[in-house]
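Here are my notes for you, written as numbered points. Keep the viewer open and follow along as you read.

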Amino acid sequence: MKAAGSAEGFPTHVTRFGQGPRQALAIHCTLAHSGAWRGVAGALSDRLAITAFDLPGHGRSGDWDGGLDLHDIATGMGLDLLDERMDLVGHSFGATVALRLAVTCPGRVRSLTMIEPVFFAAAIADAPERLAAYEAQAADFRAALEAGDDMLAARLFNRLWGDGTPWTDLPESLRDYMAARMGVIAGEVPVLYEDAAGLMKPGVLARATMPSLLIAGETSIDVVDAINAALARRLPDVRRVTIPGAGHMAPITHPQDVAAAISDLLEVS
């Protein structure tokens, strides 16, 4: 497993929610920002005091210039904020950062919640045919990305992983925000597809001994189920929950249901 260093000095914007007795760290998905946790945090405000940070190149954190590994920076940012035993929550790309934090410093993680972690390396290991089916679905997006058509790539990415809102119904400022961050997608490949952090090496995921939760939306892309199944086979203490009617963006579209699943996990951790 590749070690994660500190992100000391990297401009990190933090948002805090809630007044609960337990401290939590929340990590958002690609193309979002820390404010995406507002609904979930509101539903858990009496149980958790949540610290959420903007990932590199997102929100009000520093820009990512492609020089250093994106996942390394994000993990370092998390390490700098994980300064006590905390409940850890991550969504999509943020869930893969949460997973890496959990195996890097398990003593500082009280519980681990991963909402649709896009850790494609897990599907490659256990269900390559299901990953191949997803890649066929994403072919148009990949083509637009490689052609440098960021606006088209953002529209197609939103179709795959968004909350179901038609592209033309999104505010122009949000469309521009998403298009401007298409370069981040390439920066995620080494860890998400190639397992550059070594999370799939024998015994690494077994280090995450804390009570863990894998959440998926009922209507999500099939590869999500393949990933969650692969991770569930390797994590020592894990449960799986499906949110009825939800897709990939469950923390935003179904915050109460996501919060209820997290609350159940808190009871056993």
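**Notes on the model**

1. Let's begin with a loop residue. Asp195 has a relative accessible area of 15%, so it counts as buried, the cut-off being under 20%. You'll find Asp195 in the loop between α9 and β6 (212–217). Its backbone is worth a look too: Asp195 is not a glycine, yet it has a positive phi of about 55°. Please keep in mind that this is a predicted model.

2. Now hop to another residue with that backbone feature. Ser92 isn't a glycine either, and its phi is positive, at about 60°. This one belongs to the loop between β4 and α3. Is Ser92 buried or exposed? With a relative accessible area of 6%, Ser92 is buried.

3. Ser92 also turns up among the contacts of Ile115, so that's our next stop. Ile115 is in strand β5 (residues 109–115), and its relative accessible area is 0%, which means it is buried. Which residues touch it, once we skip neighbours within four places in sequence? The answer is Trp37, Val89, Gly90, His91, Ser92, Ala95, Ile215, Pro251 and Val258.

4. Pro251 sits in helix α11 (residues 250–253), and at 4% relative accessibility it counts as buried. Again leaving out neighbours within four places in sequence, Pro251 is in contact with Ala36, Trp37, Val40, His91, Ile115 and Val258. Glu84 makes a handy reference point: from Pro251 to Glu84 is 167 residues in sequence and 25 Å in space, C-alpha to C-alpha.

5. Next, a helix that is mostly covered: α2. It runs over residues 70–81, and its twelve residues reach 17 Å from first C-alpha to last, close to the 16 Å expected at 1.5 Å a residue. How many of its residues are buried? Eleven of the twelve are, including Leu70, His71, Asp72, Ile73 and Leu81. The cover over the buried residues of α2 includes the strands β1 (14–17), β2 (22–27), β3 (48–53) and β4 (86–91), along with α3 (93–104) and α9.

6. Helix α7 (residues 150–161) also has twelve residues. From its first C-alpha to its last, α7 reaches 16 Å, close to the 16 Å expected at 1.5 Å a residue. Its buried residues are Ala153, Ala154, Leu156, Phe157, Asn158, Leu160 and Trp161. When you look at such a list, remember that an α-helix has 3.6 residues a turn, so residues three or four places apart point the same way. What covers the buried residues of α7? The cover includes α4 (120–126), α5 (128–137), α6 (139–146), α8 (172–180), α9 (182–192) and α10 (222–234).

7. The axes of α6 and α7 are 8 Å apart, and the two helices pack at an angle of about 155°. Anything over 145 degrees counts as roughly antiparallel, so α6 and α7 are roughly antiparallel to each other. The crossing is left-handed. On the α6 side, Asp140, Phe141, Ala144 and Leu145 meet Leu152, Ala153, Leu156, Phe157, Arg159 and Leu160 in α7. Sorted by class, the residues of this contact are eight nonpolar, no polar and two charged.

8. Arg130, Leu131 and Tyr134 in α5 meet Asp222, Val223, Asp225 and Ala226 in α10. The residues of that contact divide into four nonpolar, no polar and three charged.

9. Last stop, α8. Which of its residues are buried? Tyr177, Met178 and Ala179 are. Among the elements covering the buried residues of α8 are α7 and α9.

Key:
Residues numbered from 1 in each chain as written. Predicted model: local features only at pLDDT ≥ 70, side-chain atom pairs only at ≥ 80, totals over all residues. Heavy atoms only, no water. Helix = DSSP H or I, 4+ residues; strand = E, 2+ residues; numbered from the N terminus. Buried < 20%, exposed > 50% of the residue type's maximum accessible area, 1.4 Å probe, protein only. Contact = heavy atoms within 4.5 Å. Expected span 1.5 Å × (residues − 1). Nonpolar A, V, L, I, M, F, W, Y, C, P; charged D, E, K, R; others polar. Axes fitted to C-alpha atoms, helices over the stretch in contact; angles between N-to-C directions. Parallel < 35°, antiparallel > 145°, perpendicular 65-115°, else oblique. Left-handed = near helix turned anticlockwise from the far one by under 90°.
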